[in-house]
Amino acid sequence: MTADTAQSLARLAAERVDHRFKGLPPDADGLTVAELAGQRRNLFTGGFATPVLALSAERLEHNLKLMETYAARHGLAFAPHGKTSMAPQLFQRQIEHGAWGITLAVPHQVRVARAFGTRRVFLANELVDAAALRWIAAELDADPDFELVCYVDSVRGVELMDAALRDATRPVDVVVEFAAGEGARTGVRTEAECAAVADAVAGTRTLRLVGVAGYEGEVPKADSERVTAWLRRLVALAADFDKAGRFSGLDEIVVSAGGSAWFDAVAEVFAEIPELSRPVLKLLRSGAYVSHDDGHYRKLTPFNRVPEEGALEPAFRLWTQVVSRPSAEQAFVNAGKRDAAYDLGLPFAQVIRRDGAERPATGVSVTALSDQHAWLATTPEADLEVGDWVGLGLSHPCTSFDKWQLIPVAEADGTVVDYVRTFF
C-alpha cells in the first residue's frame, strides 16, 4: 500500500457517522467510522436499524482469494471492474490479492480511484470529453507512476482526443476496442476498420497504441461457441497488428477481455495467444465476483461450468423487518427499490430472525417492490409475524452497492468488523 493510499483510507476511517448512512445505529451519530468499527457491535443486537445491507466478511475474503488464485493459475493479469463496488477499500483489497490494477468505466470513477492512490487504471470505455481528458493528462504528467489505458473505436474519437491532449506531455495509452458483433455495444465492427483507427492513433503524438480489447459479454446470442469464436478474432487482431509493426517500441502488448459470465472462455483462448514481438499482458476484467450474488451471477458464473476450480459465494444480505401482515397470504417488509437491486431480478427471501433464532424463510417469496416496501407472498407453512427480521438475497452486485454509502461487514455471528464506503 502506498503512503497516499494509506492516508486516503485513514480519512475514510475518520469520517463521522450521521444521518447520511442508512441502517447504522442512531446512537452512533458523531462517532468516527473507526470508533464504531472498534466497538464490534452485533448487526442484530447492536442498535442497527432496518433496512440494513451487510457484507459477509468470510465470503468477501473467500471471493477475493478465489479469483486471485484463478487468475494466477491461468497466467492472467487481473484488473477487476471497480464500477461494481466503487469502494476504494475493496479496490485496495483486490490489489493486495494480486490485481494488476482496477478497471473503470467513466472519468468520475477514475477520479475516485486516483483520490485513493490507485496507480493502474484500465478505462473500459471510449473517452472523448475534453475536460476529462485534460484532467487525465494532468494526472499523467504529475505522476510518472500513474498508468492509464482506455478504449478507442473511431477515427473521429481519435481526432477529438488528440485535440484535447495537445498540451499534454505524456501520451495516453489506448487499445482499439473490437466490437462483439453487429448490433453489439461500442467497438469497431470489422478488422479493416480497426486498422483504420489504429492508423489514426499512429498519426498523433498524443496517443500511443498498446493493444486491443473488447467485451465478450456483448456477443449476440452468446454461448460458448460464439464467445470463443469472437475471442479468437480478438487474439488474431492483436497478432495482425503486431505483424504489421503497430506495437514497435512497447514493453508489452495488452490484450484484454473478460466480464463475469465468460472468463473461463477468456482464460482458454488467451492461453492460445501465439508468441508476439513483445510480451503480452493478458488482462481479465471481471468485477461482480467480489460480492457475487444470489441471482443473475449465481446462474451465469463460469464456475458452474468448471466446478473443480472452486465456487464464488454470495456475500450480500439485505436485512429488513416485517412491518405489516394484512392477511395470511401477504406481508410487507420495510425495504424496496431504494434499498435493493431489482434490475436483474427481485430479491430472494432467505431467512427469518425472531428472538435471536434464525430459520429458513419457508413459504415466503418476494413478488414485487415499491419504493420503500417489498411485497411478500406467504403460503400456509410460512411462520411470519410483524417485527420479524427477514434476510433477503440480492441479484446484481452493481446496483446493490450503489444504493448504500456505508456498508457494514459482518462476521458469521453478526459481529460487525468493518464498514465499506462507496462513491457513486
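On one side of helix α1, residues A3 and R11 are exposed, where exposed means over 50% relative accessible area, buried under 20%, and partly exposed in between, computed with a 1.4 Å probe on protein chains only. Helices here are DSSP runs of H or I with at least four residues, strands are runs of E with at least two, and both are numbered from the N terminus. The model is predicted: local features need pLDDT of at least 70, side-chain atom pairs count only at pLDDT 80 or more, and totals for chains, interfaces and linings use all residues. Residues are numbered from 1 along each chain as its sequence is written, and side-chain values use heavy atoms, with hydrogens and water left out.

Helix α1 spans residues 3-13, and within this helix T5, S8, L9 and L12 are buried. These four lie on the same side of α1 because they cover an arc of only 95° around the axis, the arc being that of the directions from the helix axis to the C-beta atoms. An α-helix has 3.6 residues a turn, so residues three or four places apart point the same way. The cover over the buried residues of α1 includes α2 (33-39), α4 (88-96), α5 (107-115) and β18 (416-421).

An open sheet is formed by eight strands with parallel pairing, in the order β2-β9-β8-β7-β6-β5-β4-β3. At its edges stand β2 (77-78) and β3 (102-104), each with a single partner strand, so one side of each is left without a neighbour in the sheet. Two strands pair if DSSP finds at least two bridges between them. Strand β6 (residues 172-177) and strand β7 (residues 207-213) run parallel and are joined by six bridges; V174 stands opposite L209 in β7.

Another strand, β15 (residues 374-378), contains T378. T378 counts as buried because its relative accessibility is 5%. Leaving aside residues up to four places away in sequence, T378 touches R325, A328, E329, Q330, A331, G363, V364 and L384, a contact being heavy atoms within 4.5 Å. The side chain of T378 also reaches the backbone nitrogen of Q330 at 3.3 Å.

The cysteines complete this account. A search of the whole structure finds zero disulfides, a disulfide being a pair of cysteine sulfur atoms within 2.5 Å. For C194, which is in no disulfide, the nearest cysteine sulfur is that of C150, 15 Å away. C194 is buried, with a relative accessible area of 0%, and C398 also counts as buried, at 10% relative accessibility.

Conventions: A polar contact is a pair of N or O atoms within 3.5 Å; within protein, one must be able to donate a hydrogen and the other to accept it, and residues adjacent in sequence count only if both atoms are side-chain atoms.
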